[in-house]
Amino acid sequence: MVVYGVALLAFCMLTGIFLGDLLGQLIGVDANVGGIGIAMLLLIFMANIKNSFFEINLLTKSGVNFWSAMYIPIVVAMAAKQNVLAAISGGWMALIAGVLTVIISFMMIPVLYKLIKRN
Amino acid sequence: MILDTLSNALTNNAIITAFFFVGLVTAISYWISTNLTNGYLHGSAIAIALGLLMAYFGGHLTGGDKGLADIPIFTGIGILGGAMFRDFAIVATAFGVDLKHLKNAGLIGAISVVFGVALSFFIGAIVAVMFGYNDAISITTIGAGAATYIVGPVTGTALSASTEIIALSVAVGLIKSILVMIVTPFVAPYIKLNNAESAMIFGGLMGTTSGVAGGLAATDPKLVPYGAMTATFYTGVGCLLAPSVLFLIVRALVS
């Protein structure tokens with residue numbers, strides 16, 4: 001059933017966030033550490049399980065795929081709720097710091113990629 | 001009277017209004033993409049840019065901090081575009097992930113996240129120094145803001161920085177996040193952001209979940225899970241490193 005897919009997704013996300021919060025507390029940080037990453041790994045793991053008790057069928061898949069397809073519309077909504085005004089009113093220092101960070105980080109992507117490929 | 005009734009219908013069903021509104025914006029964006037740019041600008045890139053533009057006007061009109069979502073009939077945009085649904089959709093994109101690509105993930109991810117936090121932090125810190133800040137707390141807080149707009153205030157609060165400095169660190173992080181959303185599809189071909197590994201490095205270096213989510217959506221949605229996977233660790237690592245190791249380094253350099 002479609003709802004199994006949605007529930008599976010919810011289960012993975014809640015478990016991930018829970019573990020991410022625990023991980024944060026463990027290292028003494030007031031933030032969730034990698035919760036969504038853990039949730040993604042858990043979903044990938046569960047998607048690859050195949051036995052007689054647990055197998056993801058086509059309808060279950062469509063429950064997950066719907067939310068995957070909703071990703072871009074959600075990102076559009078996310079863009080529309082950003083605090084763009086505060087970003088722009090931050091003044092020159094905020095602008096220069098933000099722009100430089102982005103430019104240099106972009107330039108480092110191919111450098112890091114080559115480094116990792118070589119090893 | 002008709003307008004009041006309409007406004008009530010839209011406000012009372014906020015998230016349904018958001019579904020319709022986002023669909024409309026997407027449709028307009030794809031129309032612009034094919035008819036005005038001949039497909040050169042991707043529809044989702046235009047939709048994200050339109051979203052940001054509307055967020056600016058929303059902030060201008062209401063003085064709030066949630067962009068368009070502060071206008072009563074658009075409160076649903078705030079729910080649909082909030083962290084809860086964003087993360088739900090990000091997790092869902094992992095369903096199509098190829099396990100082969102994730103084999104080296106641990107190493108690539110760890111390197112790029114730690115390197116990315118330090119890189120952004122020091123660029124922010126150097127700019128702060130150039131603008132005349134000379135105390136370790138302010139420099140560290142602004143540097144942390146260059147990591148993400150969450151790392152900034154978390155670090156500033158931990159070091160008891162002034163509220164103006166914390167607000168400034170949020171502004172730096174917001175600029176970074178918005179720039180990454182807009183610029184990524186344009187620079188992607190030049191930095192070979194077209195495969196799983198480089199998407200992971202991208203997520204680890206940029207770290208802003210919103211920026212990475214928006215940037216990859218407009219570039220190639222297939223890359224989203226790889227970039228998001230590393231980006232999701234970034235804020236946590238930033239909150240760990242900025243008020244501790246990185247602050248100590250700054251304090252040693254300043255005095």
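Predicted model: local features only at pLDDT ≥ 70, side-chain atom pairs only at ≥ 80, totals over all residues.

Guide: Residues are numbered from 1 along each chain as its sequence is written, and chains are lettered from A and ligands numbered from 1 in the order written.

In chain B, buried residues make up 57% of 255.

Chain A is built from 6 helices and has 0 strands (DSSP runs, H or I of at least four residues and E of at least two, numbered from the N terminus), so that its pattern along the sequence reads α-α-α-α-α-α. Its radius of gyration, taken over C-alpha atoms, is 20 Å, well over the 14 Å that the globule rule gives for 119 residues, so chain A is more spread out than a compact globule; that rule is 2.2 Å times the number of residues to the power 0.38. Along the principal axes, the C-alpha atoms of chain A fill a box of roughly 60 × 40 × 30 Å.

The domain assignment, which is automatic or from a database, divides chain A into domain 1 (1–77) and domain 2 (83–119), and the C-alpha centres of these two domains lie 29 Å apart. Among contacts in chain A (C-beta atoms, placed from the backbone, within 7 Å) between residues at least 6 apart in sequence, 55% join residues at least 24 apart.

Turning to the partner, 62 residues of chain A are in contact with 88 residues of chain B. Of the side of chain B that touches chain A, the largest share, 13 residues, is supplied by helix 9 of chain B, which spans residues 163–187.

Chain B itself contains 12 helices and 0 strands, and its radius of gyration of 20 Å is close to the 18 Å that the globule rule gives for 255 residues, so chain B is as compact as a globular protein of that length. The C-alpha atoms of chain B fill a box of roughly 65 × 45 × 30 Å along the principal axes, and 64% of the contacts in chain B with a separation of 6 or more are between residues 24 or more positions apart.

Technical notes. Contact = placed C-beta atoms within 7 Å. Buried ≥ 20, exposed ≤ 12 C-beta atoms within 10 Å, placed from the backbone.
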